[in-house]
Amino acid sequence: MALVSERLGRLPRPPRRKRRAGRGARALLLSARAIPTLRLISQISMSLLSLWIGVRFYLFVSGLERNDPDVSLSLRSPGVEAYLPISGLIGLKHWVLTGRLNGVHPAATLFLLGAIGTGLLLKKGFCGWICPIGFASENLGTLGMRLLKRPRPLRVPPVLDYPLRSLKYLLLAFFLWAILVQMDIGELQAFIEGPYNRVADIKMLKFFTEMSSTTAKVLLALLALSLLVPNFWCRYLCPYGALLGALSRLSPAKVTRDEKRCINCGLCAKACPAALPVDKSFRVRSDECNGCLECVAACPIPRALDVRIGKRRRVHPFLFAALVMIVFFAFPFGGRLARRWEPDISLHEYRQHVQNLHLPIYQHNRGRPVAPAEQGGSASDYAEQQLLQRPR
Ligand code: SF4
Ligand code: SF4
């Protein structure tokens, strides 16, 4: 909680003003200053929800591994598919080409659509208000400042910052090229129905619960860098954030400064976790803006800094936050209402997969069938793959 209070406490105090603001303006200011608290509540809630889904999924998989007869499919929430963006993107392309939402990981595609929707309409509001990894990344930076007793975050010099920021776009370009350009309908279908994708959620869990020494070293390095440089993962490496950042350029809602009201105090720029020069911008167009609205909360002058659609129409900060939630969850809830939310993988099939997870057919192969000679697979492995790939 110390980190949390520090984060709230980091909000700069407004300078004393000679004239008392009117009641309406005071109320507005009060509400704007509540943004960091509201955002914190949102981020903590989303992180706890993720944790709850993750723990239940762990219990589900470990129950299957023990061959526990009491294990129930209800332990596996489709919410776990929010962490399968590749499967979601493949499912999205497949949906566009066939008009049919796949039944293996439909929620992965619905979550991706929700995030894309927020990017297109509300900047990177998903990163600033929902993403648990973004929340962890932010707080690691704050923790690092405390541990290293630094009064302000370490900023990477621009000469390094720009090339490093392009890394996440390179990763994104690779995934977009491999999926949107390279994969034809046959490969998409084969990947979606293939054994690897059917267990992609379990593979993701194993990535953390049975991590290799290389993975552990990479994660430790990322942890150390996140302590040193705030938002290291989000700013330099996250391809999901890169996708939303690119889309956010099209967002009609942007932080907008009223140059007539602004007193050039610089508090907005000081509060910005993305280190954007808000006090020098008329509209914040940067793909690094995560819509956190910390700058709006820090601004001491009513209506000097707001989210606006176009140049004029003001969006109340609380409405902006609500819209981020509504747009992101609209697709998963819509899928749930339309009964296209649960995967078509039965408990029996999950049992089979978990017991055979060591087989080469569960390796990533972009959906191509695994011939016996490939990847050391045996003839019986191949036969089992064919069995598992049968339409059900
Ligand atoms: S410009 Fe404002 S909304 Fe955008 S990242 Fe900075 S503080 Fe958050
Ligand atoms: S918009 Fe202007 S008045 Fe508001 S915090 Fe930024 S510099 Fe200060």
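Which residues come nearest to ligand 1? Here are some friendly notes on that and on the rest of the model.

1. Ground rules. This is a predicted model, in which local features need pLDDT of at least 70 and side-chain atom pairs count only at pLDDT 80 or more, while totals for chains, interfaces and linings use all residues. Residues are numbered from 1 along each chain as its sequence is written, and chains are lettered from A and ligands numbered from 1 in the order in which they are written.

2. Ligand 1. To take up the opening question, C272, A274, C289, C292 and C295 come nearest, out of 15 residues around ligand 1. A residue is near a molecule or strand if its C-beta atom, placed from the backbone, lies within 6 Å of it. The shell divides into twelve nonpolar, two polar and one charged. In this scheme Ala, Val, Leu, Ile, Met, Phe, Trp, Tyr, Cys and Pro count as nonpolar, Asp, Glu, Lys and Arg as charged, and the others, Gly among them, as polar.

3. Ligand 2. There are 15 residues around ligand 2 too, and here C262, C265, C268, D279 and C299 come nearest. By class, this shell has eleven nonpolar, two polar and two charged residues.

4. The chain as a whole. The protein chain holds 19 helices and three strands; helices (H or I, at least four residues) and strands (E, at least two) are DSSP runs, numbered from the N terminus. Of its 392 residues, 36% count as buried. The label buried asks for 20 or more other C-beta atoms within 10 Å of a residue's own, exposed for 12 or fewer, and partly exposed lies in between, with C-beta atoms placed from the backbone. Among contacts between residues at least 6 apart in sequence, 75% join residues at least 24 apart, a contact being two C-beta atoms, placed from the backbone, within 7 Å.

5. Three strands form an open sheet in the order 1-2-3, with antiparallel pairing; strands pair if DSSP finds at least two bridges between them. Strand 1 and strand 3 (313-315) stand at the edges with a single partner strand each, so one side of each is left without a neighbour in the sheet. On average, neighbouring strands are turned by 55 degrees against each other, direction ignored.

6. Strand 1. Five of the five residues of strand 1 (residues 253-257) are buried, so the strand is largely enclosed by the rest of the structure. A253, V255 and R257 point one way, and K254 and T256 the other. Strand 1 pairs with strand 2 (residues 305-309) over five bridges in the antiparallel sense, and R257 has L305 as its bridge partner there.

7. A helix pair. Helix 5 (residues 106-121) packs against helix 14 (residues 239-248) at an angle of about 35 degrees, with the axes 7 Å apart. Axes are lines fitted to C-alpha atoms, for helices over the stretch in contact, and angles run from 0 to 180 degrees between N-to-C directions. The contact is made by A115, I116, G119 and L120 of helix 5 and L244, L247 and S248 of helix 14. These residues divide into five nonpolar, two polar and no charged.

8. Two phi values to look at. Most residues other than glycine have a negative phi. K123, in the loop between helix 5 and helix 6 (125-129), has a positive phi near 50 degrees and is buried, with 33 other C-beta atoms within 10 Å. R303 has a positive phi of about 70 degrees and is found in the loop between helix 16 (294-298) and strand 2. R303 is partly exposed, with 14 other C-beta atoms within 10 Å.
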